[in-house]
Amino acid sequence: MNNPDDFPVDEAEIKAWLSERRTTTGMSWKAIEAESGIPSGTLSNWVNNTYAGKGENVARKVFRYRQMLDSQAERAADRQSAGLTDAPSYIETATGRRLRGLMTTAHSGEITYAATGPGTGKTKEAEQYIACVANAYMVTMKPTTKSVTAMMGEVIRALGGKSGTSWARQMSAQVVDMVKGRRTLLIVDEANYLEFEAHEELRAWHDIAGLGICLLGNEELHATIRGGALRGARHSYARLNSRIAMKHVQDMPLPEDIEAYLDAWKIGNPEQRSLLTKVALTPGTGGLREIRQLITNATMLAFEDGSPLTHAHLREAMAARATTHLRVVN
């Protein structure tokens, strides 16, 4: 790549490239703005020779945009050559089948939950479920959507609606109207972020409209629903807990999950399988997600070396993902 501040940029050639890209892709100026970070009005005026500013400054910005696209295309080509575009997008596992059972039960109008550690495949299983059946929707919670109002806004959007108000009572009534009598499943991923009032609102939708709800989260979700000792409020979740039809609690992937994962990735070498299994079963790692990333990175290293995947490539990929930093004290 070249730094356009130090590299001569042909403004006419860059302008022709941008015009051609817009024509061949059918992208709007707004879409190109979203990709490039350059205002759409600046781009259109510059290409149409009506830009009042210094054209070479725009050309440099477009040159950077072009190099970004070129580098991404090159990396994508490398991934395809390495075989990563043929990687399995969904892998059926023993844990996945258990989670699917929770979703199926919830879809009949019940409330279920799964509290699992990272890398057990719950989000992938949820995405697979809603892709395969009708009337199933998923929302993913985060710290900024933990309140009841924010949660309801996410649910309305997931259901295909649009909230015209921030008044909680009207938003709740809108959700009820959208799901009542329709045998709808709502999967709430990262439900451990939700505040008590948000959980209670979900329970109310279940009671009033028959909404099926499957809550997915971590061990904190289990501790919260079961009462735990969170801030001494042992009985605050009793109403929700009494409506739980099924639950599943699991801190890490099962050995048979890992076997299925390695089989799907065609990792047959015993030494490599042993290493990846050890990684996936180590507390504090990303489980199946971690070994997926390691296999992906190691495969790219092998491709760059022009050799088959080896144990050394996996070790190098592990070292590259290490998060421990050592400081030398003199």
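Biologist: Which residues touch the most other members of the largest nonpolar core?
Modeller: Keep in mind that this is a predicted model. The largest nonpolar core has 31 residues. Those that touch the most other members are M151, V155, V188, L194, L202, W205 and L215.

Biologist: And which element gives this core its largest share?
Modeller: Several elements give two or more residues to this core, including β1 (111–116), β3 (185–189) and α9 (196–209). The largest share is five residues, and the element it comes from is α7.

Biologist: What does V155 touch, leaving out residues up to four places away in sequence?
Modeller: V155 is one of the core members that touch the most others. With those sequence neighbours left out, V155 touches V139, V175, L186 and W205.

Biologist: How many aromatic pairs does a search of the whole structure find, and how far apart in sequence are the parts that W17 and Y65 tie together?
Modeller: The search finds two aromatic pairs. W17 and Y65 form an edge-to-face pair, 5.8 Å centre to centre with 70° between the planes. W17 lies in helix α1 and Y65 in helix α4, so the pair ties together parts whose separation in sequence is 48 residues.

Biologist: Is F196 buried, partly exposed or exposed?
Modeller: The ring of F196 pairs edge-to-face with that of Y237, their centres 5.2 Å apart. Y237 has 9% relative accessibility, so Y237 counts as buried. F196 has 27%, which lies between the cut-offs of 20% and 50%, so F196 counts as partly exposed.

Methods. Residues are numbered from 1 along each chain as its sequence is written. This is a predicted model: local features need pLDDT of at least 70, side-chain atom pairs count only at pLDDT 80 or more; totals for chains, interfaces and linings use all residues. Side-chain values use heavy atoms; hydrogens and water are left out. A nonpolar core is a set of buried Ala, Val, Leu, Ile, Met, Phe, Trp, Tyr and Cys residues joined through side-chain atoms within 4.5 Å. Buried means under 20% relative accessible area, exposed over 50%, partly exposed in between (1.4 Å probe, protein chains only). Helices (H or I, at least four residues) and strands (E, at least two) are DSSP runs, numbered from the N terminus. Contact means heavy atoms within 4.5 Å. Rings of Phe, Tyr and Trp (its six-membered ring) pair if their centres lie within 6.5 Å; planes under 30 degrees apart count as stacked, over 60 as edge-to-face and the rest as tilted.
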